[in-house]
Amino acid sequence: MCVRIIINHLGNNTIMSQHYRDEFWMRQAISLAERAEADGEVPVGAVLVLNDQIISEGWNSSIRNHDPTAHAEIIALRQGGRRIGNYRLLNTAMYVTLEPCIMCAGAIIHARIGRVVFGARDSKNSAAGSLLNVLVHPGINHHILITGSVLAPACADQLNNFFRHRRHQQREQHLS
C-alpha cells in the first residue's frame, strides 16, 4: 500500500493511503455537487488536484448558464488551465462525483490529465468504462488512469435524491 505524507488544505500533516486520499478529494467534489444542487443544477462536482492540492474546482451550471458545455469537469479544466498558465494539465488528477460523459472525457484527454477518479457510474452517458471507455481507447495517444466507484453510494444517492425530488415537483405541478 502506497503511503505518503500530504498537506491538506487545512495545512495539517496527514498520513494517507491512496484509498483514503481518493475519498478525501471525493468528499470535496461531493460538497461542490451540493452547490450545484442548491442552484437547481444536476448535482455533479469536480476538483482538479496537483501535488495534493486543489488547483481548481467546478460544479454543473449548464441550466443557469444556458450552456451545454458547463459540466463540472469542463469548468474545473478551464480554471485549472488558467491557474497554472497552460492548457496541458500534466500530472493532475480529477475527482468527479459522476463518471465523465463523452464531451468531458474528450476534454480530459486533450488536457492530458493523468488520472480520473469518479464516484457514481453512469450506464447511459458515460465514457470512462460503464458505457464506453474513451479514456483508454487504443486509438488515442494519451491514456488516463481510471479509478471508479469511490464513495459511489454517497454520489449515487445525491443524484438519485435530486431526480426523485424533481420528479415529485413535476407531478405536483401537473396536478395543480
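**The binding site and the pocket beside it**

Author: By class, nine nonpolar, five polar and four charged residues make up the lining of the largest pocket. This is a predicted model. The volume of the largest pocket is about 330 Å³. The lining counts 18 residues, and those closest to the pocket centre are Val42, Val44, Leu98, Asp122 and Leu159. Helix H5, residues 152–175, gives the most to this lining, with four residues.

In an unreviewed entry, UniProt places the feature "binding site" at His71, Cys101 and Cys104. These residues are spread over 34 residues of sequence, yet they cluster in space, with a largest C-alpha distance of 9.3 Å. From this set, His71 and Cys101 are part of the lining of the largest pocket.

Take histidine 71 to begin with. It sits in the loop between helix H2 (62–65) and helix H3 (72–84). Leaving aside its neighbours within four places in sequence, histidine 71 is in contact with Asn60, Ser62, Cys101, Met103 and Cys104. Cys101 and Cys104, which are among these contacts, also belong to the UniProt binding site.

Next comes cysteine 101. This residue is in the loop between strand E5 (92–98) and helix H4 (102–111). Cysteine 101 has a relative accessible area of 14%, and since buried means under 20%, it is buried. Not counting residues up to four places away in sequence, cysteine 101 touches His71, Asn125, Ser126 and Ala127.

The annotated site can also be placed in a wider stretch of the chain. For "domain: CMP/dCMP-type deaminase", UniProt lists residues 20–131, again from an unreviewed entry.

Helix H1 covers residues 18–38, which is 21 residues, and reaches 30 Å from its first C-alpha to its last, close to the 30 Å expected at 1.5 Å a residue. Buried residues in H1 include Phe24, Trp25, Met26, Ile30 and Leu32. Arg21, Asp22 and Glu23 of H1 are buried too. Just after H1, glycine 40 takes a positive phi of about 80°.

Definitions and conventions:
Residues numbered from 1 in each chain as written. Predicted model: local features only at pLDDT ≥ 70, side-chain atom pairs only at ≥ 80, totals over all residues. Heavy atoms only, no water. UniProt positions renumbered as here; feature names shortened; annotations may be inferred. 1 Å grid on protein atoms, 1.4 Å probe; cavity = no way out; pocket = protein on both sides within 12 Å on 5 of 7 lines; lining within 4 Å. Helix = DSSP H or I, 4+ residues; strand = E, 2+ residues; numbered from the N terminus. Contact = heavy atoms within 4.5 Å. Buried < 20%, exposed > 50% of the residue type's maximum accessible area, 1.4 Å probe, protein only. Expected span 1.5 Å × (residues − 1). Points joined across faces, edges and corners; volume = space filled by probe spheres on them. Nonpolar A, V, L, I, M, F, W, Y, C, P; charged D, E, K, R; others polar.
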